[in-house]
Amino acid sequence: MPMKKTEITSLKTHLFSLPVPVKRSDAIQSFTAMELLVAELWTSEGLNGVGYGYTIGTGGRAAKAFLDTELVPLLKGEDCESHELIWGKMTAATRASSGGPVSSVARAAIDVAVWDIKAKAHDVPLYRLLGGSRDRVPAYDTEGGWLHVPLEELVRNAHMAVEKGFHGVKVKVGKEDATEDVSRLEAVRSAIGPKAKIMADANQCWTPSEAIRRARLFEPFDLYWLEEPIAATNVDGHRELKTHTCIPIAVGETLYSKESFAEYIRCDAAGILQPDVARVGGITEWMKIAAMAEAFQMPVAPHFLMEIQLHLAAAIPNGLFVEYIPQLAPYLEQEFALDDGYLVAPARPGHGILFAWDKLEPYRV
């Protein structure tokens, strides 16, 4: 069967403000809504690609305005087979206003939709088009470990997650009193035993010296990684911390370009990279970051958006984990399968994310 044509003939954009199922809080913020920015593309032969980006409650209107006014006019007639050409055209036309979250989220919505169409045109699931290293990736649970969760509930959540087969649990840290962080990590380690993994996430809340102090306090609990302990812009601080602790340092959810990741690699300032497909502007940039990491024998454990990040982590040989936060589950026609702690990529062509538009509609902005 000849491959269907992939020239873009029409586009539509949407913005929704989705309430989160549980309050989410970390060391620097709390939020109760996720803004979902969606782009739909169609081709002359009826292929439909859906892409999206997100914010955690602010900036969504700005991102949609950027998408509608700066990017959408560039795209009609472009061929989704030429994803690099489309990426380059979007970047070149907005160079003076690119490099941050608003433009990245907007570009991601288009780029993910382009790749969705490409995979559908080739009649393969997205992870196979991107490389097809495997069809499932181990997951760790974040939902039970938010910073506001009381100690008893935190322990109960961690135990249940491991019982369900999750390969690890994330515990948010960054309490004002360091002994509270220590007590929470100690209790979780005691509850889940020595084999299950604990990932601790500080959400950029410490100075380098405080991060060194806390890491030393945390070392007895055999953390799998310590995530974003210092401001993401402080590469030197992360490098200094890395020399003072045996805990692997993970960074990347608030970096917005491959160049930012390259700086961390060049400075040997992290051990695990966590690119967020929406915040780096889409799949095209994400795959380049993953390739750089592989060249330096660094694993990649992408941040959030598990349904699309699953395809990316499954495509590459150095994909480590996906982060289980089922934010989109209430708005999908079919949830992704979780099998003994592994998130399984759907076999249908494209990324397989089927939005239930009637469930999204009440939350349209």
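Okay, let's start with Glu228: its relative accessibility is 3%, so it counts as buried, where buried means under 20% relative accessible area, exposed over 50%, and partly exposed in between, with a 1.4 Å probe and protein chains only. Glu228 sits in the loop between β7 (225–227) and α8 (235–244); helices here are DSSP runs of H or I with at least four residues, strands are E runs with at least two, and both are numbered from the N terminus. Its phi is near 40°, a positive value in a residue other than glycine. Most residues other than glycine have a negative phi.

Quick housekeeping. This is a predicted model, where local features need pLDDT of at least 70, side-chain atom pairs count only at pLDDT 80 or more, and totals for chains, interfaces and linings use all residues. Residues are numbered from 1 along each chain as its sequence is written, and side-chain values use heavy atoms, with hydrogens and water left out.

Back to phi. Gln297 isn't a glycine either, and its phi is positive, about 55°. You'll find Gln297 in the loop between α10 (283–295) and α11 (306–315). Buried or exposed? Gln297 counts as exposed, because its relative accessibility is 75%.

One more loop residue: Lys76, between α1 (60–71) and α2 (83–93). At 58% relative accessibility, Lys76 is exposed as well. Setting aside neighbours within four places in sequence, Lys76 is in contact with Ile8, Thr9, Ser10 and Leu11, contact being heavy atoms within 4.5 Å.

Zooming out, the protein has twelve helices and twelve strands. Of its 365 residues, 59% are buried. Take the contacts with a separation of 6 or more, and 71% of them are between residues 24 or more positions apart. The C-alpha trace spans about 60 × 40 × 35 Å along its principal axes.

Last stop, the largest pocket, at about 300 Å³. Of the 25 residues lining this pocket, the closest to its centre are Gln29, Ile56, Glu253, Arg279 and His303. For the record, a pocket is found on a 1 Å grid over the protein atoms alone: an open set of points where a 1.4 Å probe fits, with protein on both sides within 12 Å along at least five of seven lines, and lining residues have an atom within 4 Å of a point. The volume is the space filled by probe spheres set on the points, which are joined across faces, edges and corners. Which strand gives the most to the lining? That's β2, with three residues. β2 (30–43) and β5 (168–172) each supply at least two.
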